[in-house]
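Please examine the sequence and the model shown here before reading the report.

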Amino acid sequence: MESRIDVTVENRGAERDQDGKRHPNTCPRCHSHYREDELERTLRVCPQCAHHFPVRARDRVVQLADRGTFAEEDTDLRSGDPLKFFDLRAYTDRLAEAEVATGLGDAIIAGAAAIERRPCELAVMDFAFMGGSMGSTVGEKFARACERAASRQVPLVCVTASGGARMQEGILSLMQLPKTVCAVDELQEARSAFISVMTHPTTAGVLASFASLGDVIVSEPGALLAFTGPRVVQQTTREKLPDDFGLAESNARFGHVDAIVPRAELRPFVGRLLAMFSRES
Amino acid sequence: MSESPSTQAEELKLRERLAKLRDLPLLRGVGVSGEMARLKRQLDRMAEEEPSEDEVWRSVELARHQDRPYTLDYIERMCDDFVELHGDRAFADDPAIVAGLARFDGRTVVLVGHQKGRDIRERTHRNFGMTYPEGYRKAMRAMELADRHRFPVITLVDTPGAYPGVTAEQHGQGGWIARCQLLMVRLGVPTIACVIGEGGSGGAVAIALTDKVLMQQNAIYSVISPEGCAAILWRDAGEAKKAAAAFKPDAVHCQELGVVDAIVPEPGDGAHTDHDEAARLLAESLKASLTELEPLASDERRRLRRRRFRTMGLYLE
């Protein structure tokens, strides 16, 4: 058996740095701390308590798709700045900064792939790029992924992680809701299956558009899936929130998701679904 | 209006912006020359009346004015008869959304609209126009009925947003907003939406995926409330005016961005000053849009509707 250095105890005291921020490799639930290679090996799931750490889009592709099958499209698509938006900083600065920090053009990547030897179109969102927010580019890339899936007659698998619409694009970001809904309509018309994998967090505009329209909706354990997040609900209504408010488990109980699938089982599970929808045999 | 140096600078800025818009794949595919003409018209109009920060904020205030006519005020004035339909056939009746059969300009239509309340009691009853999933299901039921019987659908949008509460979440707020839109993509009948007050985010767009989207002169249509945007980006809800000026929720800007097709004029100082005249002007615009849409085949309408929304957005490639 592979030996593993347990750093859980030693690092307990050092789980927050000077800014009070938790180290990204420290489990927010059980406070275990891991080396990068340890987390990579466990698909970024805490071996102690099964907490699912966030997964970057490119890592997700590696986790889900058969090796070397992902052919990314629309890599040159970038957001415009229709409103010349400036809050405390210019939107264009935020975009440039996010691109440098994440190495991504926007909060989604998409292209042809195979999962468990089944061809599909794969779109994956990245929360690290401006909170996975959906502006014109995210909407456009998702819509094009739908169109490619429809024309290639393959299912679409979309992994979401988003805080919602991107405020900096104003009303045009809201228009990405109907736009992506129209794209799903076209996908359904072409009878291509749509498997929506909701990961933490899938909220607001993305939940209120394409993410909820999957033929099958799968979620990772513990993911927040809510139109309005707990903080805003608390502040607006002063209601007492249930402990599992908005979590995948609560959503499953109320009938909004088909299955909660732990990360390690996600790839075979999606593979089984793709086989179900396969038109070959 | 006299040409001060600042308005000239403003106009230059706008021309530059539109020039850029024109070069970008704002509207992919067909109809480019038509779109160019539309942009040019907008430029001419905008150069005259680009709203200032104060004017944008005035829209926000007027859109929320307590005397502004609500859906039922318009129905009462525009329609010869109205039979309200209640309940989502599953669970509840959401008073924040009104749906029913109406006689409008000599035909039967299905009318759906958010409803706010005027006094405290009614406001609480209507939940300030903030819809639960039940409300969207009621809207969907009414629109399905319209499709079956070939009645055009008119929706009036006036909500601060979908209700952000625990039970609303448990009943699937996000999912029903999505499904309501999906249903609207598929309707074969002519569909028109008009933003008559606050077009607040997902709760608004849920019933606004239509062939034509109109907007009253002093209405607002936005992805988030000015207060919400200020709280997040400025970390201070008090900066709402600044936030509104930055994300531009007013009708002129929404038309400039191609989000609304036409602006419905309001009487004098705003719709709240003269409900009858506001209703007459709204009815006129709705009639004009219906006349334009009715001759089209339903497949054609669906195709155009889908393309209208599919091409929304601004990106570089």
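## Basis and confidence

This is a predicted model, in which local features need pLDDT of at least 70 and side-chain atom pairs count only at pLDDT 80 or more, while totals for chains, interfaces and linings use all residues. Residues are numbered from 1 along each chain as its sequence is written, and chains are lettered from A and ligands numbered from 1 in the order in which they are written.

The model has an ipTM of 0.92 and a pTM of 0.89.

## The nonpolar core

A nonpolar core is a set of buried Ala, Val, Leu, Ile, Met, Phe, Trp, Tyr and Cys residues joined through C-beta atoms within 7 Å. A residue is buried if 20 or more other C-beta atoms lie within 10 Å of its own, with C-beta atoms placed from the backbone. The largest such core has 163 residues, and Leu122(A), Cys194(B) and Met215(B) have the most contacts inside it. Helix H8 of chain B, residues 173–186, gives the most to this core, with seven residues.

## Helix H8 of chain B

Helices are DSSP runs (H or I, at least four residues), numbered from the N terminus. Twelve of the 14 residues of H8(B) are buried, so this helix is largely enclosed by the rest of the structure. Among them are Trp176(B), Arg179(B) and Leu182(B).

Technical notes
Helices (H or I, at least four residues) and strands (E, at least two) are DSSP runs, numbered from the N terminus.
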